[in-house]
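Reader: I've got a model open on my screen and would like to learn how to read it. Could you walk me through a feature or two?

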Amino acid sequence: MPTPDELRQRLIRNFHDAPRERFVRAPLYDCEGASLSQGTAAKQLGARFEILAPGQMGCPYHYHHAEEEMFIVLQGEGTLRVAGERLPIRAGDTICIPAGPDYPHHIINTSDAPLHFLSISTQAEVEVCVYPDSGKVGTYAPGLRILHKQDAGVDYWVDEP
């Protein structure tokens with residue numbers, strides 16, 4: 001039987017205490033975040049605490065073919081770019097994004113203060129993401145990460161006997 005300390009290690013993360021990493025790609029991307037599920041007993045859910053700097057984004061506009069995402073705005077205001085629209089978001093908002101091409105999305109901090117939110121998603125073993133602004137497709141699986149232009153494909157039968 002696990003001890004209370006072992007249970008705590010497997011099941012609980014505090015976003016105030018989790019080690020943070022910062023990703024910066026000037027001039028548009030500046031996000032500080034911490035994994036809340038890595039190293040836990042979670043198998044199907046992933047979670048991150050994210051802080052977007054004013055005027056910045058955390059990731060490119062995209063949609064997933066396999067994973068659903070949920071964002072919970074904890075502090076601040078910003079904009080959800082989704083399905084070609086820009087919607088204001090603020091502390092207290094919960095955003096649910098189903099998988100599929102109908103809801104390409106990303107969050108932009110359009111305010112003058114940091115934007116804090118939780119990012120929660122299902123964790124598909126194999127995922128395909130499409131990036132409409134750049135025309136890229138990403139294929140992700142254990143040990144595999146391939147990004148290419150969407151129109152760079154070849155016919156299924158090319159080079160097959």
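This is a predicted model: local features need pLDDT of at least 70, side-chain atom pairs count only at pLDDT 80 or more; totals for chains, interfaces and linings use all residues.

Reader: How are the rings of phenylalanine 71 and phenylalanine 117 arranged?

Author: You look at the angle between the planes, and over 60 degrees counts as edge-to-face. Here the planes sit at 70° with the ring centres 6.1 Å apart, so this pair is edge-to-face. It also links distant parts of the chain, since phenylalanine 71 belongs to strand β5 and phenylalanine 117 to strand β10, 46 residues apart.

Reader: Tyrosine 156 and tryptophan 157 form a pair too, so what is its geometry?

Author: That one is edge-to-face as well, at 4.8 Å centre to centre and 90° between the planes. Tyrosine 156 and tryptophan 157 are both exposed, though.

Reader: Back inside, which residues make up the largest nonpolar core?

Author: There are 12 of them, including Phe71, Phe117, Cys31 and Leu52. Strands β5, β6, β8 and β10 each supply at least two residues of this core. A second, separate core has six residues, among them Ala34 and Phe49.

Reader: And how do I read the sheet?

Author: In general, strands of a sheet pair through backbone hydrogen bonds, either parallel or antiparallel. This open sheet has six strands in the order β1-β2-β3-β10-β5-β8, with antiparallel pairing. At the edges, β1 and β8 each pair on one side only. The twist averages 25° from one strand to the next.

Key
Residues are numbered from 1 along each chain as its sequence is written. Side-chain values use heavy atoms; hydrogens and water are left out. Two strands pair if DSSP finds at least two bridges between them. Helices (H or I, at least four residues) and strands (E, at least two) are DSSP runs, numbered from the N terminus. Axes are lines fitted to C-alpha atoms, for helices over the stretch in contact, and angles run from 0 to 180 degrees between N-to-C directions. A nonpolar core is a set of buried Ala, Val, Leu, Ile, Met, Phe, Trp, Tyr and Cys residues joined through side-chain atoms within 4.5 Å. Buried means under 20% relative accessible area, exposed over 50%, partly exposed in between (1.4 Å probe, protein chains only). Rings of Phe, Tyr and Trp (its six-membered ring) pair if their centres lie within 6.5 Å; planes under 30 degrees apart count as stacked, over 60 as edge-to-face and the rest as tilted.
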